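Hi,

Here's the structure I promised to pass on. Have a look at it first, then read my notes below.

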Amino acid sequence: RQDWDMSARHRAISWIETLGIAEAYEDLERVVKESGHNHYTRLAALQALRKLDAERLLPLLRWLVEETGLDPTLKQNADQMRLQ
């Protein structure tokens with residue numbers, strides 16, 4: 001959470017996804033929702049969340065699609081995930 005090196009954040013998210021660390025779900029959800037993270041970090045977190053628990057991800061994807069203040073590309077990615 002506190003490492004500002006984006007590559008370190010992406011590696012951490014990747015390991016969470018690879019190892020299937022379900023306990024990190026809420027932390028990843030926070031990464032997606034908080035505006036302090038860039039698009040790529042948020043997208044990596046979304047992909048990890050989908051792998052950890054796709055059913056639990058649906059309300060978050062709906063929120064992302066409906067949220068007006070988000071990056072349009074992130075909204076589009078969330079909508080595509082929601083439809084899959």
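**What I found**

Asp27 is partly exposed, with a relative accessible area of 28% (buried means under 20%, exposed over 50%, partly exposed in between, using a 1.4 Å probe and protein chains only). Before you go on: this is a predicted model, where local features need pLDDT of at least 70, side-chain atom pairs count only at pLDDT 80 or more, and totals for chains, interfaces and linings use all residues. Residues are numbered from 1 along each chain as its sequence is written, and side-chain values use heavy atoms, leaving out hydrogens and water.

Asp27 pairs up with Arg30 in a salt bridge, at 2.3 Å from N to O (that is, a side-chain nitrogen of Lys or Arg within 4 Å of a carboxyl oxygen of Asp or Glu). Both sit in helix α2, three residues apart, about one turn of the helix. Helices here are DSSP runs (H or I, at least four residues), numbered from the N terminus. Arg30 is partly exposed too, at 34%.

There are three salt bridges in the structure. Another one joins the side chains of Glu26 and Arg56 (3.7 Å, N to O). Glu26 is in α2 and Arg56 in α4, so this pair ties together parts 30 residues apart in sequence.

Which residues of α2 are buried? They're Tyr25, Leu28, Val31 and Val32.

Cheers

Conventions
Helix = DSSP H or I, 4+ residues; strand = E, 2+ residues; numbered from the N terminus.
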